[in-house]
Amino acid sequence: MILEQNDNFERTTKKAKNRFRLIIPLALIMAFMVIMLFYTANLLEKVAVSNTSEIGNYRVSNIGSQLERYIDSAKSVLWVSSNSIYQMVLHSENSDVLLDYIRQETENEIENFDENYIGLYGYIGGIYYDGIAWAPPEGYDPTNRVWYTKAIEADGDVVVISPYTDAQTGNMVVTICRMLPDSKDVVCLDLKVNGIQDMVDNLHIKGRGYGCIIDDNGCIVAHTDNSLSGTSLNDSEEDRAFFDKIKEVDSGSFKFTLDGEDNTVFVAKILGNWHSVIAISDTELYRDIWRKMAVTVLICSFIFVMIAASYYYAYLNEKKYAKKMQQMKLAEQTKDYEKKLLEVEKEAANDANKAKSVFLANMSHEIRTPMNSIIGMDEMILRECEDEEIIKYALDIKSAGKTLLSIINNILDLSKIESGKMEMNYADYEISSVINDVISMTEKRAEEKGLKYSMNISPYIPSVLKGDEMRVRQIMLNLINNAIKYTHKGSVTTDVMYDFKSNRLKITVEDTGVGIRKEDIGKLFEAFQRLDENKNKTIEGTGLGLRITQQLVEMMGGNISVESEYGVGSKFSVEIDQEIIDHTSIGDVKIDKKPKTEKKEESQPMLEAPNAKVLAVDDNKMNLKVLRALLKKTKMQVTLVESGRQCIDSLIADSFDVVLLDIMMPEMTGVEALHIIRDNHIADDTPIIALTADAVDNAKENYLKEGFSDYLSKPIIYKDLEEVLKKHLKASLIAQ
């Protein structure tokens, strides 16, 4: 009975531990995504409000300037015509001559200036003259008309009369009038509001909101809603309050509630006391933000569901496998059982490796695709934003993105190594260049923690060695960064030398950090292990660095060892085979200590090729938007299409200097499109670059074998994109 209770207790405890192991990572991932969503929403809001304010103020001022030029032009026409009439009156020309001149001048104005010019008319010497031969009705008294009284009050200055409905044509018109010198004679010029209405049609912000021109009496001269032109803002209390606020602000922006909805209003004073106005509701202002946030939420939710499903699938498989093993152990006690067990284990290992490879490939693609948009859009903020606070936020996003990519790359490296698909790229390289890079990437970090940083380099190391330069650099960086990470005070010392007897490069990294317990040294090179978890829980990392380092060292025919005393420090020693190419000693290595700080200017493009034509192909519209934005300042002529079929059609219709072709597309993949293009000789001499989020299993080599000219991994880093374009564009297309 007691044994049965103990068994039940152990099973319950084991289930609880399994659930805990499943839930905690998912909860952490979910928390990270929620934080990123809130941060992104806040940043998008700030950028949207700033852009809207800039565009709104520019639009109302620009339309105001256009209207002033339009009215000033009409004033000039009236001034010239009225002066001519005044000279004719001084020379006592008869009424027929005056009428002929006014009619002729009306025809000239309509023909030569603007179809919205209706014509000249006036009251001269007690006679009414009209350029379009309009006969006034019986009892018509010009001296009682607004145009006459306003002109007399202005005493010779040109006056603009508020819009009204013309009695003859039924059109909304604006009258410009002037009293002739030393008389009671008045000459006028009518303009249709249509010309002003055409300007007002551009009073909006990216197609949102509405605009209008308002005169000093509250009359709407023109409105983006034509039906409101000619109405007054004095007809209701809300409209009067709105008009009073416009006059109070004069030029600038303010918040106002219209029809129960909050609006942002931009105002510019024009023509003395008129105003150009744009009003945009908060719903329209934040519509793009909500849409982008909805897309981001969907992407994050999709990634989280995939991760959760993968975790749960692995959890079920583990339970299923454990149960199967238990049944087999109970049923088989012979050699046949051992043979079957080995076969099952081998099959399970193969299935697990296959599932892991598929999962990592999918995760690489699914994570790198939204990361491409995040890093690309962040790059645009760094290039184009002038707000220091927003730049700081954008640099934080950039740093977080680099950290996330580093984690992904570590996982992919480990997967390649364990599946036997990691290959060494042996080539000649200068060891001094590797050492310089390592120092510039680690010294500043050590100094920021207040550590003494020492790099002792033997002057007798051969200057040129043969090996995998990138992996040698990775080994040194992993060891030194690990030492800095776990050292809180004291020093980090690195020794580099070459053993001519064994033809091995020797690297030793010693620190005064937290040290390692003797019983834990055996776990040090296991994947995903973090020793002394309680003490080191605040230290960042995935626990993959030393495992990857050990595997890389062994692949180079070397070995790695560690000596450590808990609480005192650790010493890691690495030896790797490196063939000597040039026996000349490096001597005293000159260390390049230029600061490597993040600056906005680092994102600025150095390439300009205004005559180059680029075809970018991607089924993801956000990725196309990122590519266009990244290439904006290169001044290249960029054409964007969304499928392999559209790519082929574009190459048939036109020639391009380079093609950026995405691999993972529905209906027709990038590889299939490439084969059609090459097999049918559609663009034999055009370089075609593969764009892909697939970074697993020697992706670059595979795509080059398929026939691509080059390869770019997502997320696309502008520096890499620029280097590829410089490599494949004709020199004559690149501005010097």
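Glu722 and Lys726 lie four residues apart in helix α18 (residues 718-728), which means that about one helical turn separates them. Helices in this description are DSSP runs of H or I with at least four residues, strands are runs of E with at least two, and both are numbered from the N terminus. The two side chains form a salt bridge in which the closest N and O atoms are 3.8 Å apart. A salt bridge is defined as a side-chain nitrogen of Lys or Arg within 4 Å of a carboxyl oxygen of Asp or Glu. Glu722 is buried, with a relative accessible area of 9%, whereas Lys726 is partly exposed at 43%. Buried stands for under 20% relative accessible area, exposed for over 50%, and partly exposed for values in between, with a 1.4 Å probe and protein chains only.

The model is predicted: local features need pLDDT of at least 70, side-chain atom pairs count only at pLDDT 80 or more, and totals for chains, interfaces and linings use all residues. Residues are numbered from 1 along each chain as its sequence is written, and side-chain values use heavy atoms, with hydrogens and water left out.

The protein contains 18 helices and 23 strands. Of its 736 residues, 44% are buried.

In total, 16 salt bridges were counted. Glu469 is partly exposed at 26% relative accessibility, while Arg473 is buried at 16%.

The salt bridge between Glu608 and Lys635 has its closest N and O atoms 3.7 Å apart. This pair links distant parts of the chain, 27 residues apart: Glu608 is in the loop between β18 (579-585) and β19 (613-617), and Lys635 is in the loop between α14 (621-631) and β20 (637-641). Both residues are partly exposed, Glu608 with a relative accessible area of 34% and Lys635 with 47%.

A network of salt bridges links Asp499, Arg504, Lys506, Glu575 and Asp577.
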